[in-house]
Amino acid sequence: MRTLLTGGVVYQRGKFSAADIAVRKGTVDAVAEKLPPQPGDRIWDVSHCILLPGLVDVHVHLREPGFVYKETIETGTLAAARGGYTTVCAMPNVKPAPDTPMNLKVELKAIKHKAKVEVLPYGCITMGQQGRGELADFGGMAPSVCGFSDDGRGVQDEELMELAMLAVRKTGKLIAAHCEDESLLRGGYIHDGPYARMNGHAGICSESETAQVRRDLRLAAKTGCPYHVCHVSAKETVQAIREAKRAGVDVTCETAPHYLLLTDMDLQEDGRFKMNPPIREQADRDALIEGILDGTVDMIVTDHAPHSDPEKEKGLEGSLMGVVGLECAFRVLYSKLVREQKILTLEKLVELMSLNPRKRFQIQGGIEPGQRADIIVIDPDKTGVIDPDAFYSMGRATPFEGWETTGDVVMTLAGGDVVWKAKK
């Protein structure tokens with residue numbers, strides 16, 4: 001039996017055109033201007049909608065195993081489906097940390113039984129995800145992971161990071177680095193900028209991010225290891241990556257919606273504005289936008305990091321770092337950067353949220369015959385308000401709470417299955 005999506009405008013090979021899509025046995029069977037229905041077809045009329053390849057988020061915290069009071073694989077992947085994501089890459093700050101094949105197996109089992117969309121886990125860089133000490137078992141985990149990361153901690157020792165790069169290069173995977181020099185943090189918890197100074201908060205300097213990025217770029221050039229920089233927030237980091245790309249270093253990077261749409265002067269005394277790295281200044285936002293437009297910044301992720309309500313109700317100083325984003329990222333980016341500010345085209349947004357992460361992380365899927373049928377249906381005129389109480393995610397902390405948006409995901413197909421559909 002086929003699934004037939006009819007009457008929509010389809011993004012394919014870099015452009016939009018009116019087309020129908022037929023899906024059979026989990027893959028795209030055909031894409032054509034008009035596909036006649038066959039007996040037994042399940043037909044979805046998607047007139048007035050836009051069909052895009054499923055979004056890919058290579059930076060998500062699903063919290064399971066170990067921290068299911070914050071999020072579960074089921075709730076996190078339902079949130080992903082609601083937001084248009086058909087593949088997410090799960091960061092390794094779970095318990096047990098995936099630093100050996102045995103520990104990774106616990107996470108893989110939970111993914112197999114509970115995930116609503118495709119989940120690709122990361123393995124740790126260091127044992128216990130400590131950012132120091134002994135290296136994880138890269139060779140043993142490589143066949144089952146999308147890459148290696150200690151997200152939440154930067155690898156503090158340069159020699160250890162060089163050894164990690166040399167070992168990871170042999171696996172054919174990449175290192176996705178959380179870059180943070182702990183010696184430069186000095187007790188900070190928001191950006192060291194105007195808002196912190198005006199309101200008596202301890203600040204985190206941009207150099208704490210950029211210094212370790214520069215170190216790692218030098219090591220990536222030396223070792224030839226594919227290298228990916230997580231959640232870029234600072235203008236100096238953008239420039240360092242730009243220069244490294246021009247020099248031929250095999251590097252990509254990501255940023256997140258909150259760095260593209262907010263500055264530190266938008267902060268409120270609320271834990272939903274606290275994340276790591278922090279929201280920085282207007283000059284940093286401008287540099288990130290410039291980096292997206294000139295190709296320095298390759299992709300947009302959410303860094304979806306749910307915590308319980310008590311953990312986020314202690315203001316900027318006392319709350320844990322991390323916000324959720326799977327269910328609102330596309331909505332706010334499409335509304336603000338595409339429709340309102342006209343900084344990005346929808347085609348560029350698709351590159352940043354689907355095509356580029358697929359290419360870098362070797363993830364199949366999209367709207368091509370023979371590909372895994374990961375397809376999302378967008379109603380470009382659907383209006384709404386970001387309401388965390390309606391999230392599938394167990395996390396509620398988002399700086400976009402209350403934002404009015406235009407354009408939303410109304411259906412998500414992952415592997416040909418309808419895993420989420422908006423209520424009429």
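Modeller: Arginine 63 counts as buried, because its relative accessibility is 6% and the cut-off for buried is under 20%. Keep in mind that this is a predicted model.

Colleague: Where is arginine 63 found?

Modeller: In the loop between β6 and α1.

Colleague: And what is phi of arginine 63 near?

Modeller: Near 70°. That is a positive value, and the residue is not a glycine.

Colleague: Which other non-glycine has a positive phi?

Modeller: Lysine 25 has one, at about 50°. Lysine 25 sits in the loop that runs between β2 (15-24) and β3 (27-32).

Colleague: Does lysine 25 count as buried or exposed?

Modeller: Exposed, because its relative accessibility is 81% and exposed means over 50%.

Colleague: New topic, peptide bonds. What is the bond from glutamate 64 to proline 65 like?

Modeller: That bond is cis, and its omega is near 5°. Proline 65 belongs to the loop between β6 (55-60) and α1 (73-82). Arginine 63 is in the loop between β6 and α1 as well.

Colleague: Which residues does the cis bond with omega of about 0° join?

Modeller: Asparagine 276 and proline 277.

Colleague: Where does proline 277 lie?

Modeller: In a loop again, between α8 (257-261) and α9 (282-294).

Colleague: Thanks. Give me a quick recap of what to click on.

Modeller: For positive phi, pick lysine 25 and arginine 63. For cis bonds, pick glutamate 64 to proline 65, then asparagine 276 to proline 277.

Key: Residues numbered from 1 in each chain as written. Predicted model: local features only at pLDDT ≥ 70, side-chain atom pairs only at ≥ 80, totals over all residues. Heavy atoms only, no water. Helix = DSSP H or I, 4+ residues; strand = E, 2+ residues; numbered from the N terminus. Buried < 20%, exposed > 50% of the residue type's maximum accessible area, 1.4 Å probe, protein only.
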